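Please read these notes with the model open beside you. They are numbered so that each can be checked on its own.

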Amino acid sequence: MIHNLALVSSKAKIGKNVKIGAFTTVHDNVIIGDNCVIEGYCEIGVSNHLSKGKRLVIGDGAYIRSHSIFYEASCFGEGLVTRHRVTVREHTEAGKNLQIGTLSDIQGHCKIGDYVRFHSNVHIGQKSIVGNYVWIFPYVVLTNDPHPPSETLLGVTVEDYAVIATMSVILPGAVVGNECLIGAHSLVKGKTEPDMVYAGSPAQKICSTSKISLHDGSGSAYPWRRHFHRGYPADLVSQWVSDDLR
Amino acid sequence: MIHNLALVSSKAKIGKNVKIGAFTTVHDNVIIGDNCVIEGYCEIGVSNHLSKGKRLVIGDGAYIRSHSIFYEASCFGEGLVTRHRVTVREHTEAGKNLQIGTLSDIQGHCKIGDYVRFHSNVHIGQKSIVGNYVWIFPYVVLTNDPHPPSETLLGVTVEDYAVIATMSVILPGAVVGNECLIGAHSLVKGKTEPDMVYAGSPAQKICSTSKISLHDGSGSAYPWRRHFHRGYPADLVSQWVSDDLR
Amino acid sequence: MIHNLALVSSKAKIGKNVKIGAFTTVHDNVIIGDNCVIEGYCEIGVSNHLSKGKRLVIGDGAYIRSHSIFYEASCFGEGLVTRHRVTVREHTEAGKNLQIGTLSDIQGHCKIGDYVRFHSNVHIGQKSIVGNYVWIFPYVVLTNDPHPPSETLLGVTVEDYAVIATMSVILPGAVVGNECLIGAHSLVKGKTEPDMVYAGSPAQKICSTSKISLHDGSGSAYPWRRHFHRGYPADLVSQWVSDDLR
């Protein structure tokens, strides 16, 4: 299952039933779980002076698409899925079932919860804290430096179920509250109230998310877990459906 | 003409006078026309559960630069040109002479006309419909989900000769009218009138495109086909010149 | 020091103590200085009809990370550092100690001073002129076409010590003045006054940079060289410290 044109270190710990594609490099200090696929042209376990010899751990059932780069000293729960050309730096701690879109750039030194989805070309700055069930759409940047350049890093916090739409910038130290929706092309500063829509540059509070209707008129579009269930496990969906959601 | 470090499936149908670079992978279910160049580090014909075994067809005279990825189940007319690291997903149907800039990400399930130009780092969401002679500049995103995340996809339509400048976001279901110009850093919603300039976030109608003068003062800059002819065939340019354009 | 799966032209001039990674291609018309590292999956010295056989020159001590692409006919002073997947086109002339972040796309035909830092995913359009000690943050685009598409290219000028924050667009022909700070998500037109903060879309003058305090309250955050010294040589830092800065 390991292509003869892959370069896999004999020191790497590779689980059962792992497939590794052509022209992929797996470095020494890596643990890959069972039933993983790592496509071609990837580099897994790059070291630098910040990784300090800490292992890269990729949980069971990962699917890493081609041309992706992962540094040492990060840890991913089971069910990681990436698209192409993702870059994930050292000291990224992520829960289970993380999805990372094409070209996304996770700068490391950050924490990511369970069932988080990053779409294409998302930039997660260092010191970011991302909760569970969060959605971040293309070309969103989580920043961290309040007066660039400096040695001060104030990471962004994104709370559970929050959604950040395309090409928004979240300023250093901002907190995107539980179940918030940030509209496309917004600039967010400070702490947003939960369950609210914010939009604009600078972003302002627009209304409660419950005021946004589904396109077919069949009720409110938020909380999104009322109607969107693709890719989540059945027990979680059951819980969502039985929750007393608006 | 096929580098000895390229991995080319014997099932792929490769035309005459085709050059394939080192470390490129060509999968089974691919038809490549005559006189094509595919540089190194590319993956051509990636399959997934959505491509359903439909072929990737690349027309004559294509030039695909290095590190690019094309999925199965897409079709390109003659004269495709890409720069580096483009990603093109399944079910992309494109006309002739498409140009795709470095890092652009075409999400598939979309239709693209003839002589379309995507500059660097353009994101074409699923269900987009792009007309003929369209120009889309860097970091533009065509979105599709009116209340993310959801199962509803409302693609963007971009009509013939329209121009979308750098870092604009086009919201789900929007229609950018014929020969419109969308200014840089704009957020476009709804349907724009033809031949008009829109700009801002949210974008507003500014004026007729005919009011924008060429930098050297030699007349109106729009319709752009009055003065910009590089890369178009002579018969098309003759027709443009003979058209009764402002 | 040259991996046996690297493809290095015998015509390329490679300095002493140079390391070249697996799956990297070095073309003919390249001069690489001493003590350089070029990681895997790179292409160094790509030619095209615009490079006209002019050499690519990479100064001593460069560190080019994986998946990067450099064209012929560019020149870099000593101490170049890139992260992953950078693309640098022909006729880029850069001073010493340039740093280029992951995914950045330098379109060539541009001049870049000494000690310049481009963070991730920066787009430098053709005809840009970037001074010394400049900082450009993620997803910033320097544009050049005043009425796209056209044959007119009016490059952006960024003067010494200027800082452009995340996801700003600098319009064609604009001049970002000495020691200016452009806020995140801004759209800049025309010439900005030195030492001023500009922000918004379109950007407006907000205040003197000296009014921005460090997060810990220990004085003004600008000029940034008062307090930020990481990565600069000791003699330069000494000079900065002894300068009569606010």
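1. A search of the whole structure, over all chains, finds zero disulfides. A disulfide is counted as a pair of cysteine sulfur atoms within 2.5 Å. How far is the sulfur of A:Cys75 from the closest cysteine sulfur? The distance is 12 Å, to A:Cys110, which is too far for a bond. In chain C, C:Cys75 is likewise in no disulfide, and the nearest cysteine sulfur, that of C:Cys110, is 12 Å away.

2. Is A:Cys75 buried, partly exposed or exposed? A:Cys75 counts as partly exposed because its relative accessibility is 36%. C:Cys75 is partly exposed, with a relative accessible area of 36%. The cut-offs are under 20% relative accessible area for buried and over 50% for exposed, with partly exposed in between (1.4 Å probe, protein chains only).

3. On the origin of the values: this is a predicted model, in which local features need pLDDT of at least 70 and side-chain atom pairs count only at pLDDT 80 or more, while totals for chains, interfaces and linings use all residues. Residues are numbered from 1 along each chain as its sequence is written, chains are lettered from A and ligands numbered from 1 in the order in which they are written, and side-chain values use heavy atoms, leaving out hydrogens and water. The mean pLDDT (the predictor's confidence in each residue, from 0 to 100) of chain A is 97, and 99% of its residues reach 70 or more. The model scores ipTM 0.97 and pTM 0.98.

4. Chain A can be laid on chain B by a turn of 120° and a shift of 0.0 Å along the axis, with an RMSD of 0.0 Å. That is the relation of a three-fold axis. Chain C can be laid on chain B with a turn of 120°, a shift of 0.0 Å along the axis and an RMSD of 0.0 Å. Copies are superposed by least squares on the C-alpha atoms of residues with pLDDT of at least 70 in both.

5. In chain A, nine strands form an open sheet with parallel pairing, in the order S2-S5-S8-S11-S14-S17-S20-S23-S26. Strands S2 (13-14) and S26 (175-176) of chain A stand at the edges with a single partner strand each, so one side of each has no neighbour in the sheet. Strands (E, at least two residues) are DSSP runs numbered from the N terminus, and two of them pair if DSSP finds at least two bridges between them. Three bridges join S14 (residues 92-94) of chain A to S17 (residues 110-112) of chain A, where A:Ala94 stands opposite A:Ile112.

6. The largest nonpolar core has 47 residues, and A:Ile44, A:Phe118 and A:Leu142 have the most contacts inside it. Such a core is a set of buried Ala, Val, Leu, Ile, Met, Phe, Trp, Tyr and Cys residues joined through side-chain atoms within 4.5 Å. Residues touched by A:Leu142, not counting those up to four places away in sequence, include A:His123, A:Val156 and A:Ile170. Contact means heavy atoms within 4.5 Å.

7. C:Ala174 is found in the loop between strands S25 (169-170) and S26 (175-176) of chain C. C:Ala174 counts as buried, at 0% relative accessibility. C:Ala174 and C:Lys16 are 158 residues apart in sequence and 42 Å apart in space, C-alpha to C-alpha.

Definitions and conventions:
Helices (H or I, at least four residues) and strands (E, at least two) are DSSP runs, numbered from the N terminus.
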